[in-house]
Amino acid sequence: MKFFIDTAKVEDIKKANDMGVICGVTTNPSLIAKEGRVFEEVIAEIASIVDGPISGEVKATTTDAEGMIAEGREIAKIHPNMVVKIPMTVEGLKAVKVLTAEGIKTNVTLIFSANQALLAARAGATYVSPFLGRLDDISTRGTDLIAEIAEMFAVAGIETEIIAASVRNPIHVTDCALAGADIATVPYAVIEQMTHHPLTDAGIEKFKKDYIAVFGE
C-alpha cells in the first residue's frame, strides 16, 4: 500500500516528503480554506515538492457537471501531476466521464458504499476515495467497506485504485493495508504517530546509555 498525505499545509508536506514515505498529496476545499491561501498558489507549491499525484477538488459550491468539467480542466492545467477531485453525485459522474475521455485523471471522493465506488469506477475514475473515519463515527466499520470494494474490483478486473481516506489513526492504516487499499491518504500527525513505539524509544535510550558508559559523550 502506498501513502499520500492529506493536507494543504506545505510545511507538513515537506516533512513527510523528506521522510521518503509519501508519493502523492490529497487536498479538499476545507483543507485549502484552513490555510487561507489562493488555491492555485498552494497547489503549485505542493507540486514543486512532491513528484506524484496531487488531488485538487472542484469548488464545494459547484454542483453541476458543466461547472465541474470547466473547473476540472483548469485544475488539470496547473501541473501535469494534477488529479481532479470530484464529489460522488450524478453530476459528478457525468463530469468524470467527460474529463476521463479528455485524458484528465479523476478522484471520486465522499464514497460511502461499494455501489458508489463501482459507479465511479465505471464512469472512468482513476481513483475512488472511501471515507473510513466518518463511517466509524456512525458505528459502521469503514475498513469493511475497503475490503468489499477491493474484492469487487478484483472480481471485475477493475483497475481504478482505492484511496482509503478519512484515516484518523495508525490502526486505520494497518487495517486499510490488510483490507486491500491501494493507497492510504493520511494527515501528517498520523504518519508521525506511526514512527513511534515505546519499545523503540526505550531501545534507543538503552543504546545511548550503553555507548556513553563505554565511550563517553
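Colleague: Which residues lie nearest the centre of the largest pocket?

Modeller: Asp6, Asn28, Ser30, Leu31 and Arg134. Keep in mind that this is a predicted model. The lining has 28 residues, and the pocket's volume is about 560 Å³.

Colleague: What makes Asp6 a lining residue of that pocket?

Modeller: A lining residue has an atom within 4 Å of a pocket point. Asp6 is among the 28 lining residues, so Asp6 has such an atom.

Colleague: Which element gives the most to this lining?

Modeller: Helix 2, with five residues. Strand 5 and helix 10 (188–194) also give two or more. By class, the lining has eleven nonpolar, nine polar and eight charged residues.

Colleague: How do you know that strand 1 and strand 8 pair?

Modeller: Pairing needs at least two bridges. Strand 1 (residues 2–6) and strand 8 (residues 183–186) have four, so they count as a pair. Their sense is parallel. Ile5 stands opposite Val186 in strand 8. Both strands belong to a closed barrel of eight strands, running 1-2-3-4-5-6-7-8.

Colleague: Which residues are closest to the centre of the second largest pocket?

Modeller: Phe39, Glu40, Glu57, Lys59 and Glu71. The largest share of this lining, four residues, comes from helix 4.

Technical notes
Residues are numbered from 1 along each chain as its sequence is written. This is a predicted model: local features need pLDDT of at least 70, side-chain atom pairs count only at pLDDT 80 or more; totals for chains, interfaces and linings use all residues. Side-chain values use heavy atoms; hydrogens and water are left out. On a 1 Å grid over the protein atoms alone, a cavity is a set of points where a 1.4 Å probe fits but cannot get out, and a pocket is an open set with protein on both sides within 12 Å along at least five of seven lines; lining residues have an atom within 4 Å of a point. Grid points are joined across faces, edges and corners, and a volume is the space filled by probe spheres set on the points. Ala, Val, Leu, Ile, Met, Phe, Trp, Tyr, Cys and Pro count as nonpolar, Asp, Glu, Lys and Arg as charged, and the others, Gly among them, as polar.
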